[in-house]
Amino acid sequence: MVEERLSREDAELVAGLRAGDEAAFRALLQQYGPGLLRVAQMYVSSRAAAEDVVQEAWVGVLRGIDRFEGRSSLKTWLFRIVVNTAKTRGVRDARSVPFSSVEDEGGTVPPDRFFAESERFPGHWSVPPSSWAGVPDERLVADETLAVVRRAIGRLPEAQRTVITLRDVDGFDADEVCNALDLTETNQRVLLHRARARVRAALEEYLG
Amino acid sequence: MKLERELACRQVVELVTAYLDDALDPVDRERFEEHLVFCDGCANYLEQMRATIRLAGGAGLVLPPALESRLLDAFNDWRTS
Ligand SMILES: [Zn+2]
């Protein structure tokens, strides 16, 4: 079977899975499990139902692994299996926020960071962000910094939180997220941008 | 440079996600990149957004242990079937 379009890492995981290697399965679960659980939760109303969807989907993955030809990335293939499993299980009923309506909220950076229209450089930074290039790596990747990120994501409105989690935490691409959430490309981007801007602001407050 | 062609920082910061997704049309993309050449504030903002995205990528959660063991059971059932 030809898999020249798969990354080497994906190809190794697929080969391991076909050989019944538990370590390969654990690695897959670690890498894609949480993201796929979140995808399932978009479609069903309870956490228990989402876990059932995930279990059924993974069984589908194992049964189908011999037929996986690597025409898409492993992640995209897993994503589709979870979405299809969730869709055949039930109508999407969990969503409490209508993702399709995105209100105009104005700018994502507080207006007092810019010069006012009456001033000499209207719309340009009056309080510009500083560079983080001087922040030591140990501080950037410290648990405390990640905790700031998690807290900021946790405080976002639901639609923004869902989009940034799927895009930036789980690494799904824009098309996949639009598809899973029935969002237009524009609304997906607006929600993602607002979410990132708020998380950035929280980091700025913490890192300076 | 004609003033009406010049982007203000206030506009630039709203284009960052579209820029990173390569969703700006070529003219806007060029104006965006031109702006960054002379504006340290916006260059820093773009770098901070990139750092934010990288950090979010490290903020992933782990699978609930109960679900993980269910899935490992399913794997072992499949392997021995
Ligand atoms: Zn600027």
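What share of the contacts in chain A between residues at least 6 apart in sequence join residues at least 24 apart? The share is 67%, where contact means heavy atoms within 4.5 Å.

This is a predicted model, in which local features need pLDDT of at least 70, side-chain atom pairs count only at pLDDT 80 or more, and totals for chains, interfaces and linings use all residues. Residues are numbered from 1 along each chain as its sequence is written, chains are lettered from A and ligands numbered from 1 in the order in which they are written, and side-chain values use heavy atoms, with hydrogens and water left out.

## Confidence

The predictor gives the complex an ipTM of 0.80 and a pTM of 0.74. Chain B has a mean pLDDT of 89, and 93% of its residues reach 70 or more; pLDDT is the predictor's confidence in each residue, from 0 to 100. Among the elements of chain B, the lowest mean pLDDT, 91, belongs to helix α5 (residues 65-80), and the highest, 96, to helix α2 (residues 16-20). Where pLDDT is low, predicted coordinates should not be read in detail.

## Chain A as a whole

Chain A contains nine helices and zero strands. Helices (H or I, at least four residues) and strands (E, at least two) are DSSP runs, numbered from the N terminus. The C-alpha trace of chain A spans about 65 × 40 × 30 Å along its principal axes.

Of the 208 residues in chain A, 49% are buried. Buried means under 20% relative accessible area, exposed over 50%, and partly exposed in between (1.4 Å probe, protein chains only). The accessible surface of chain A is about 10,600 Å², and carbon and sulfur atoms account for 48% of it. Such areas come from the Shrake-Rupley method with a 1.4 Å probe, and for residues only the protein chains shown count as cover.

Chain A carries 28 positive and 33 negative charges, whose mean positions are 2 Å apart. Here Lys and Arg count as positive and Asp and Glu as negative, while His and the chain ends are not counted. The place of a charge is NZ of Lys, CZ of Arg, CG of Asp or CD of Glu.

## Selected residues

The table lists some residues with their relative accessible areas.

| Residue | Relative accessible area | Class |
|---|---|---|
| L17(A) | 0% | buried |
| L36(A) | 2% | buried |
| C178(A) | 11% | buried |
| C9(B) | 1% | buried |
| Q48(B) | 1% | buried |
| D182(A) | 58% | exposed |
| D22(B) | 56% | exposed |

L17(A) is in helix α1 (residues 8-18) of chain A. Neighbours within four places in sequence aside, L17(A) is in contact with A24(A), F25(A), L28(A), V61(A), L62(A) and I65(A), and also with F75(B) and W78(B). L17(A) and L28(A) are 11 residues apart along the chain, with 9.1 Å between their C-alpha atoms.

L36(A) belongs to helix α2 (residues 22-41) of chain A. Not counting residues up to four places away in sequence, L36(A) touches V54(A), W58(A), L78(A), F79(A), V82(A) and F172(A). From C-alpha to C-alpha, L36(A) and F25(A) are 14 Å apart in space, and they are 11 residues apart in sequence.

In chain B, Q48(B) lies in helix α4 (residues 40-57). Leaving aside neighbours within four places in sequence, Q48(B) is in contact with P129(A), S130(A), W132(A), R200(A) and E204(A).

Six of the eight residues of α8(A) are buried, and the helix is mostly covered. The buried residues are A174(A), E176(A), V177(A), C178(A), A180(A) and L181(A). They pack against α4 (74-89), α7 (158-169) and α9 of chain A.

Just after α8(A) comes D182(A), with a positive phi of about 55°. D182(A) sits in the loop between α8 (174-181) and α9 (185-207) of chain A. Most residues other than glycine have a negative phi.

D22(B), also not a glycine, has a positive phi near 55°. The place of D22(B) is the loop between α2 and α3 (26-38) of chain B.
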